[in-house]
Number of protein chains: 2
Amino acid sequence: MDEKERHATPATGTGYSRRGFLRAGAAAGAMAAGAGAARADQQPDPLITEVQSWAQGWGDGVDATPYGLPIEFESDVIRRNVGWLTADVISSINFTPIHALDGTITPTGCAFERHHSGAIELKKEDYRLMINGLVDKPLVFTYEDLERFPRENRTYFLECAANSGMEWAGAQLNGAQFTQGMIHNMQYSGIPLRTLLEEAGITNLGDQIKDKWVYVEGADASSNGRSIPLEKALDDCLVAIKANGEALRKEHGYPVRLVVPGWEGNMWVKWLRRIEVTDEAVQSREETSKYTDTLADGTSRKWTWVMDAKSVVTSPSPQMPIKHGKGPLVITGMAWSGRGAITKVDVSIDGGANWQEARLAEPGVDKAMSRFYLDIDWDGSEMFLQSRATDATGYVQPTKDALRAIRGENSVYHNNGIQTWWVKENGESENVEVSS
Amino acid sequence: MDEKERHATPATGTGYSRRGFLRAGAAAGAMAAGAGAARADQQPDPLITEVQSWAQGWGDGVDATPYGLPIEFESDVIRRNVGWLTADVISSINFTPIHALDGTITPTGCAFERHHSGAIELKKEDYRLMINGLVDKPLVFTYEDLERFPRENRTYFLECAANSGMEWAGAQLNGAQFTQGMIHNMQYSGIPLRTLLEEAGITNLGDQIKDKWVYVEGADASSNGRSIPLEKALDDCLVAIKANGEALRKEHGYPVRLVVPGWEGNMWVKWLRRIEVTDEAVQSREETSKYTDTLADGTSRKWTWVMDAKSVVTSPSPQMPIKHGKGPLVITGMAWSGRGAITKVDVSIDGGANWQEARLAEPGVDKAMSRFYLDIDWDGSEMFLQSRATDATGYVQPTKDALRAIRGENSVYHNNGIQTWWVKENGESENVEVSS
């Protein structure tokens with residue numbers, strides 16, 4: 001596994017070179033001297049001097065499509081399934097094409113999905129949300145009822161507990177979309193779950209509130225029930241009616257899903273149907289035989305809800321080869337933590353031997369994804385590219401080996417280890433591991 | 001125009017009532033006693049006790065569509081054209097359905113569009129950006145070249161100068177989508193224009209930089225050329241390659257558009273082809289016969305680039321009637337300013353006689369849209385609903401009458417006057433004016 005010997009000299013500094021643009025500059029020089037007046041050593045760029053068909057007639061009018069779609073040239077920027085990963089597409093996974101995106105908001109149309117019994121069609125008129133159990137008065141809300149409660153807007157990431165799960169046993173899937181793409185980051189509009197619980201009334205619980213739970217379930221056949229400590233339910237959970245400004249997609253739980261900030265995606269119940277206040281955790285299928293972390297000795301850790309700090313370089317990466325050769329190179333990626341805002345991301349091009357602090361595009365947001373950039377002058381030699389996130393608690397993303405030393409390799413959940421791309425001299429990358 | 005006499009008693013305070021939910025509570029009580037065990041005075045809700053077809057079988061698998069679309073039930077939440085507004089759909093307008101959205105990010109698929117000669121198809125491979133004129137060395141960039149420069153991420157609103165333009169002559173179009181929907185708010189990833197200008201070199205300008213201009217034009221047939229002071233170009237303009245994380249839509253200028261934060265949308269040139277550094281403004285069609293503001297005496301104001309602070313209540317509104325009757329009501333809307341962040345939004349339900357401060361969902365963002373909420377207990381009587389934005393400079397959004405007193409009614413541009421919805425007792429609304 002030790003690939004370090006193959007690593008070349010690190011790029012020197014982050015200085016920006018103009019070399020990459022001289023070719024273009026020469027073409028412009030020709031253009032400046034008049035169309036067609038090429039210098040002897042440089043053909044003018046026909047796309048500037050002659051062929052601009054798009055400037056010679058009408059484009060499309062405004063009534064092209066009811067809902068605006070990406071241009072046809074971007075048809076490969078879609079969420080993708082991996083056929084063999086689950087028994088049936090009904091219960092499978094669509095990975096976000098994080099390698100091809102920028103910014104922090106995940107476009108709704110290509111955002112990660114995971115269903116346990118398929119995505120159901122549930123009309124707003126048919127929607128009901130029951131709150132029952134240890135409440136003062138059980139209540140049922142229609143969708144229209146929910147719209148009448150005070151709303152909040154918050155941006156949060158949702159990450160599947162199994163994101164990067166295949167990586168426990170070593171580098172497996174090739175591409176950031178498949179290794180880290182079970183994630184999305186959206187701006188939610190919703191009602192604080194606290195508000196709805198207080199509407200049903202929890203005054204009867206007195207000071208026992210801190211020991212109680214809620215059991216949340218969806219309206220699909222799987223119901224996907226999960227137990228959540230009442231303390232978390234009263235803290236920052238949202239009953240979301242919009243994502244990224246518009247209605248939730250069917251596959252994201254239309255018309256209503258639960259948002260459990262910073263905690264594993266399976267708890268963000270879609271098509272949210274019922275919230276029961278309970279004395280104890282229900283110990284459902286989804287929190288016993290699944291979504292527990294099996295250790296080396298065969299025992300399992302449970303209640304491993306929080307998604308620890310993690311990051312990944314999205315470009316360059318196996319799906320995003322460097323095509324321009326050496327010189328100025330933008331290295332970019334995403335970082336996130338379920339415990340707070342991202343405060344720092346470091347990038348290594350030599351497999352973790354040396355680190356440079358990357359630039360956060362904007363200040364970190366609590367339990368939301370951050371975009372980072374590192375601008376380097378690539379010398380054209382191979383790199384072992386890594387990123388390492390630090391969050392507001394001071395927690396630093398560990399190596400995969402450090403995680404394995406504690407947790408073994410039996411789990412498929414909660415792998416937040418440092419990812420390595422071996423970027424070759426030809427600009428192509430592979431998912432590899434370096435010893436640490 | 002004085003509709004004030006028709007206004008009813010203001011709703012008293014913002015207290016939250018549980019009345020609206022007692023019906024639902026009673027149904028839940030029945031449910032809690034066992035399915036089918038209805039109380040004599042209350043039928044159980046069959047959607048809870050019996051019919052839950054969606055919980056009895058598989059939903060759709062993950063391979064339904066390449067790009068995830070909104071559920072069919074939301075097919076009315078689309079950008080819309082107004083046929084008679086322009087001579088041809090080629091040069092027309094698609095309005096954002098702001099009435100139906102929440103949060104602050106405008107979903108790309110339903111975001112405002114305006115074309116001057118139609119939306120063109122321009123491949124990344126064919127894309128070229130020239131910087132010429134008074135630069136040290138003219139340059140031409142390919143798309144791939146642009147990807148190699150350090151990038152920024154920033155969220156900005158784009159508003160057409162003609163947004164609300166029909167309102168100069170009084171209440172016209174009925175619905176927030178049509179009165180204020182020539183706007184969107186996106187997170188852009190792009191290269192600072194300053195970086196590209198410095199790459200071409202502006203050292204030859206010495207201290208004359210503050211007097212110079214850039215002329216920017218697009219690759220479509222209209223070219224839509226506009227002059228921008230070099231000082232603004234060097235300040236916060238971006239050459240954007242992504243919007244809301246993904247490639248720009250064709251209709252938004254794929255693959256590259258200019259972002260001119262806080263300034264009128266016409267200057268945000270799409271399919272950006274050329275940037276020329278010039279001694280003086282070019283005085284193009286788009287900044288002389290168009291996009292100047294004709295005053296009452298027939299003279300025109302020009303260089304009216306900045307979009308002043310503005311706001312609108314998006315719900316309730318003509319397209320968003322109140323269907324639930326009196327009781328708890330969420331009033332929500334958007335506010336924005338080209339001069340800085342929104343610091344305060346006030347809402348009036350009596351046509352401007354009394355104002356209550358609304359709640360901003362998140363702290364205001366420089367030159368981006370803010371979401372506001374006001375939660376009231378509606379007494380069921382008619383309202384004259386208004387919102388009024390204040391920005392970081394202390395500027396307060398004026399009434400339409402105050403604007404007209406200064407600028408007359410000849411212009412179609414820069415109407416940022418306060419909008420009024422007459423909300424009737426039956427919950428339906430109309431676009432009206434009240435004297436001020």
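**A strand pair in chain B**

Begin by selecting Thr420(B), whose bridge partner in S24(B) is Val432(B). The model is a predicted one. Now extend the selection to the strands themselves: S23 of chain B, residues 420-423, pairs with S24(B) in the antiparallel sense over four bridges.

Next, display the whole sheet to which these strands belong. It is an open sheet of five strands in chain B, with antiparallel pairing and the order S19-S18-S22-S23-S24. Its edge strands are S19 (356-357) and S24 (429-432) of chain B, each of which pairs on one side only. Strands of a sheet pair through backbone hydrogen bonds, in either a parallel or an antiparallel sense.

**The hairpin in chain A**

Move to chain A and select residues 420-423, which form strand S22, together with residues 429-432, which form strand S23. These two strands run antiparallel and are joined by four bridges. Within the pair, Val432(A) in S23(A) is the residue opposite Thr420(A). Then select Gly427(A): in this hairpin, which has five residues between the strands, Gly427(A) adopts a positive phi near 90°.

**The contact between the chains**

Show both chains and select the residues in contact: 111 come from chain A and 111 from chain B. Together the two chains bury about 10000 Å², of which 57% is on carbon and sulfur atoms. Highlight Trp54(A), Val62(A) and Arg148(A), which supply 9% of the area that chain A buries against chain B, more than any other three residues.

Which residue of chain A forms a salt bridge with Lys250(B)? The partner is Asp60(A), and the closest N and O atoms are 2.4 Å apart. Between chain A and chain B there are six salt bridges. The interface also contains 40 residue pairs in polar contact, with both residues at pLDDT 80 or more.

Select helix H1 of chain A, residues 22-32, which contributes seven residues, the largest share of the side of chain A that touches chain B. Colouring that side by residue class gives 47 nonpolar, 28 polar and 36 charged residues.

**An aromatic pair**

Over all chains, the structure holds 20 aromatic pairs. For one of them, select Phe73(A) and Tyr254(B): the ring centres are 6.1 Å apart and the planes lie at 40°, so the pair is tilted. Phe73(A) is in the loop between helix H2 (46-49) and strand S1 (93-94) of chain A, while Tyr254(B) is in the loop between strand S11 (246-247) and strand S12 (257-259) of chain B; the pair therefore joins two chains.

Key:
Residues are numbered from 1 along each chain as its sequence is written. Chains are lettered from A and ligands numbered from 1 in the order in which they are written. This is a predicted model: local features need pLDDT of at least 70, side-chain atom pairs count only at pLDDT 80 or more; totals for chains, interfaces and linings use all residues. Side-chain values use heavy atoms; hydrogens and water are left out. Contact means heavy atoms within 4.5 Å. Buried area is the accessible area (1.4 Å probe) that two parts lose on being put together, summed over both. A salt bridge is a side-chain nitrogen of Lys or Arg within 4 Å of a carboxyl oxygen of Asp or Glu. A polar contact is a pair of N or O atoms within 3.5 Å; within protein, one must be able to donate a hydrogen and the other to accept it, and residues adjacent in sequence count only if both atoms are side-chain atoms. Ala, Val, Leu, Ile, Met, Phe, Trp, Tyr, Cys and Pro count as nonpolar, Asp, Glu, Lys and Arg as charged, and the others, Gly among them, as polar. Two strands pair if DSSP finds at least two bridges between them. Rings of Phe, Tyr and Trp (its six-membered ring) pair if their centres lie within 6.5 Å; planes under 30 degrees apart count as stacked, over 60 as edge-to-face and the rest as tilted.
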